[in-house]
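Let's take a walk through this model together, one region at a time. Have the viewer open as you read.

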Amino acid sequence: MKDIILAGISASGKWTQSQRLLEYFWDKMKYFETWWILRALQSNDNAIWNHLRDITANGLLVKDEIVSGLFWVFLETLWDDDIVLADGCMRKIWQSKEIVRLLEQKNRKFVVIELVIPEEEVYTRLSNRITCKTCGANFNTSLHGEVNKCLECWWEVYRRNDDINQNAIKNRIDAYHDNIVPSLEMLDKMWYLVKVDAMLSADEIFQKILEIIEK
Ligand SMILES: [Zn+2]
C-alpha cells in the first residue's frame, strides 16, 4: 500500500475522498492536513500558539519550513504499516521538494494523486457549496438539497465569502496554476503523479484511488 498525497483545485472533491479513505482504512491511515494541525497547535496558550495566532490573524500563510518541520515530526510517529494521507502540503515547488525528500528519506512508497476537474466546474461547484463552521465538512446543494445544519456534526453551516465572490474564485484558480501546477509538473517528471478524472462519481473516484495505491 502506498502513501497518498492528495492534490486538486478547490471543489475537486478532495475533502470527500479524504473522509472516505479515513473511514475505509480507519486507524491504519494517518492524516496530515496542515490546517487541522495548525488549529490543534493553537488550542492552548504557549509560544507556538502565540506565533501561529499572529500569522493567521494577519491573513498570512505559515512559513514553508514550519510545514515541512511538522511533516517530519508526523513521519517520525508512524509505524511501518501505517498509510499516510497528506493534503494541503504542496503549496510551492520548494515545499513539494521537501515533502518528497522527507518521504524518500523515510523509505516511504508514495503517490501524488491529483483530482482533475475543468475550470467552469469549479465555479459551478463552489456556488453550490455549503461549509460547516465547526468541522469543515462541505456539502453541495445540487447533491444534498438545502442544507441548514452540518450533516456530519449538526452544527451551523455557512457559505464562505470566497465561494460566492467570482473574483475570489478566480484568484484561487490563478493561485493553483501559479503555485501548485508547477509542483505537480515536477512530481510528474519524477513519476510520482497520477491524475484522476474528478468528474466521475465519488464511488468511481474512490475505487480508482484504491487501485492506484494497491499497485
Ligand atoms: Zn460539521
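**Around the zinc ion**

Cys135 is partly exposed, with a relative accessible area of 22% (partly exposed lies between buried, under 20%, and exposed, over 50%, using a 1.4 Å probe and protein chains only). Cys132, by contrast, is buried at 3%. This is a predicted model, in which local features need pLDDT of at least 70 and side-chain atom pairs pLDDT 80 or more, while totals for chains, interfaces and linings use all residues. Residues are numbered from 1 along each chain as its sequence is written, and side-chain values use heavy atoms, without hydrogens or water.

The SG atoms of Cys132, Cys135, Cys150 and Cys153 are the protein donors of the zinc ion, 2.3 Å from it (donors are N, O and S atoms within 2.8 Å of the metal, or 3.2 Å for Na, K and Ca; water is not among the atoms, so sites may look incomplete). Their spacing in sequence is C-x2-C-x14-C-x2-C. The 4 donor atoms subtend angles of 102 to 118 degrees, so the arrangement is tetrahedral (for four donors, all angles between 85 and 135 degrees).

Now look at the nonpolar cores, sets of buried Ala, Val, Leu, Ile, Met, Phe, Trp, Tyr and Cys residues joined through side-chain atoms within 4.5 Å. The largest has 54 residues, and Ile4, Ile5, Leu21, Phe71 and Ile113 have the most contacts inside it. Another core, of 7 residues, lies apart from it and includes the zinc donor Cys150, along with Ala137, Phe139 and Val147.

Note on methods:
Four donors count as tetrahedral if all angles lie between 85 and 135 degrees; four count as square planar and six as octahedral if opposite donors are over 155 degrees apart and all others between 65 and 115; anything else is irregular.
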